[in-house]
Structure formats: C-alpha cells, structure tokens
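Let's take a friendly walk through this model together. Have your viewer open and follow along.

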Amino acid sequence: MGYDNLKLEKGMYRQSGMSFTQVLESLDPSENYRGTALEGTDAFQRQLKRFGIRAKGADSSPVESFFRTMDSAVLFPEYIARTVRQGMEENNILPDIVATTTVIDSLDYRSIYSTPADEDKELKDVAEGTAIPTTEVTTKENLVSLSKRGRMLVASYEALRFQKLDLFGVMLRQIGAYIQKQQLADAVSVILDGDGNENPATQYSVGTNPISGTAGTLKYDQLVEFWSKFDPYTMNTILCSGNTMTQLLKVPELQNPLTGLNFQGTGKLTTPLGAKLHRTSAVNDGMIIGLDSRYALELVRAGDVLVEYDKLIDRQLERAAITSISGFGKICDGAAAVLNV
C-alpha cells in the first residue's frame with residue numbers, strides 16, 4: 001500500500017504501545033523508499049506531501065490546509081506534537097544532566113539505586129578463598145514522582161485557519177520551551193531535595209569547612225575544593241543562575257584567552273575544571289550545582305508529548321491541552337552536590 005492511498009483515522013492515536021508515527025510506519029515503511037526521491041522522509045512527512053501541506057518556510061501552508069479532508073485532519077495533532085517537541089529540544093539542558101531515560105506506560109515507577117560505602121568503592125585484592133567485595137543494588141523504597149507539565153492551547157479555528165504554519169509553529173515551539181523549562185525545574189528540585197528516598201544532594205558552603213574562603217565571595221580555590229568532593233565521580237556539569245554565572249566568569253582563572261575565544265566563537269562556556277557551564281533560572285542566586293551527568297539522574301517519561309487529538313481533529317482548538325508527563329530519580333549518591341557561595 002502506497003503512502004498516497006492510506007486510510008487515516010482517529011483510532012491510529014489509540015493503539016497501545018505505538019505512537020501515531022509508528023502506526024503510519026507499520027503501514028508505510030520508510031525502507032520501501034530507499035533509492036527514491038522520498039528517501040530520508042518518514043511516514044508522517046510523506047503524508048504531508050500527499051496532501052500538499054508545507055509546514056515550514058515563507059511559502060508554508062495555512063492551518064486550514066489540514067482540514068480540507070477528514071484524512072488530512074487526522075495529521076493535525078501529530079503536527080502539533082512534533083512542533084512542540086521541537087521547541088522542547090531547542091536549548092534543552094536535560095540531555096547534559098541526565099544519565100539515562102526510561103519510558104514507561106504507567107504512572108507508577110520504582111527505580112533502583114546503589115549507595116556503596118567508601119571501602120566498597122576500592123578495588124581490593126581478593127585472596128584465595130576470601131569473599132569478593134559486593135556492590136548492593138536495591139529497589140528504592142518510594143516511587144518516582146511523575147508530574148504532568150503542559151500548556152493549554154486557547155484559540156478558535158476561525159482565528160487560526162488563515163495563519164501560515166510557519167508562524168503557528170513558532171507559537172507551538174514556545175509552548176515546548178515552556179514545558180522544557182518546567183521539567184528542568186523538576187530536575188533541579190530532585191537534585192536539591194532528593195526523589196523522596198532521603199537522598200538530597202550534599203550541601204557545601206563557602207567559608208564553612210571543608211570549603212575555605214569568605215561567605216559571599218567566590219574564588220578559584222573554592223571551585224577546586226568543591227570539585228575535589230566528587231571523588232570517585234567527576235564534576236563535568238555545572239548549573240547556576242545568570243547572576244551566579246556572572247560571578248563565576250569574574251574569577252580570573254576563568255578569563256583565560258581560550259575560554260573567551262570559545263565563548264565568542266560558539267556561545268558555549270567551559271571552565272578550567274572541564275565542566276560544562278549552564279545558566280538556568282531554575283537555580284537560585286548564590287548556588288552552584290555540580291554533578292557527574294553520567295551517574296546523577298534518571299529521567300522517567302510516561303509516553304511522549306500528549307495532545308487532545310479528538311478536539312484538534314474536530315477543530316475544537318479552544319482549551320486543547322498539550323502535556324508531557326515525566327519525573328526524575330537519583331541514581332548514585334555523591335554524583336551531585338551543591339556549593340552555596
């Protein structure tokens with residue numbers, strides 16, 4: 001069956017364990033288009049071509065192009081979900097702080113963790129006949145807390161029908177950016193307070209043992225002392241607010257020519273400690289969160305971006321919810337810590 005004669009219906013959004021695109025791919029596999037002009041497109045993109053819908057560019061189609069037939073209207077919720085997801089992925093910090101992502105099909109999830117003592121981290125010689133040191137991996141006592149984050153799309157079909165998809169897509173990407181910002185705040189909250197299993201990040205303060213200096217003042221010595229507390233992990237990521245980042249960048253050791261050249265050329269900041277530096281309003285002023293992104297956090301998602309497809313297909317755009325359900329769990333104690341300046 002070719003892409004140009006598929007029967008599209010609402011039920012394609014309700015198939016258990018499969019997204020709309022996966023259902024389309026099962027009916028119209030992309031591998032069938034190798035060596036053709038449509039190679040590199042997925043099943044959804046081929047459906048847009050089928051109905052002459054151009055989603056991007058100055059010559060993009062109006063919103064009403066989705067509603068010229070009942071079949072093409074079925075594509076509208078997937079278009080919205082994809083565009084929102086694109087907004088979530090733009091400037092997304094989560095991939096730099098999450099060690100692994102788990103996708104579940106329920107609202108209950110219990111993760112695993114390991115809290116080895118210092119002697120358990122040492123690779124000792126094992127004499128003949130003696131017991132081999134163990135690393136205990138257990139199930140967490142409490143479930144990972146999942147939160148529904150989203151936005152309500154409030155607009156009438158009459159207000160949007162003649163708007164170009166390129167402009168409408170900007171609005172949808174903004175919704176995705178808001179959802180991503182809320183999820184990052186959830187991640188920061190779990191780092192600071194724990195995931196409900198009595199595992200908050202260790203807090204250090206400038207001017208209080210073992211961090212030297214004077215409270216309110218940040219120097220390179222304090223950054224090195226903070227970095228040293230991550231053994232056997234490596235502090236490879238730093239999160240802080242804009243004001244705290246300004247304070248960081250005033251440290252003389254961070255003003256070397258290579259750091260400035262990298263920032264001017266790429267817009268990305270690095271530190272002499274080798275950590276990625278991220279600015280976010282989710283962290284309070286005067287606080288620096290350091291973490292080993294390979295071991296600190298698990299992102300748990302209950303499916304993908306969810307849209308109220310029934311309303312959208314029937315042109316009932318007024319108060320149509322766009323949501324994403326996710327939560328975070330701590331993996332290894334000691335892989336994240338906080339420095340209060």
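**From cysteines to the largest pocket**

There are zero disulfides in this structure. Keep in mind that the model is predicted. A disulfide is a covalent bond between the sulfur atoms of two cysteines. Two cysteines are worth a look for their surroundings. Cys 240 has 0% relative accessibility, so this residue counts as buried. Cys 332 comes out at 14%, and since buried means under 20%, Cys 332 counts as buried too.

Now turn to helix α2, which spans residues 43-50. Phe 44 is itself buried, along with Ala 43, Arg 46, Gln 47 and Leu 48. What do these buried residues of α2 pack against? Their partners are α1 (20-27) and α4 (76-89). Just after the helix, you will find Gly 52 with a positive phi of about 65°.

Both of those partner helices return at the largest pocket, where α1, α4 and β10 (306-307) each supply at least two residues of the lining. With four residues, α4 gives the most. How does the lining divide by class? It has 12 nonpolar, seven polar and six charged residues.

Key: Residues are numbered from 1 along each chain as its sequence is written. This is a predicted model: local features need pLDDT of at least 70, side-chain atom pairs count only at pLDDT 80 or more; totals for chains, interfaces and linings use all residues. Side-chain values use heavy atoms; hydrogens and water are left out. A disulfide is a pair of cysteine sulfur atoms within 2.5 Å. Buried means under 20% relative accessible area, exposed over 50%, partly exposed in between (1.4 Å probe, protein chains only). Contact means heavy atoms within 4.5 Å. Ala, Val, Leu, Ile, Met, Phe, Trp, Tyr, Cys and Pro count as nonpolar, Asp, Glu, Lys and Arg as charged, and the others, Gly among them, as polar.
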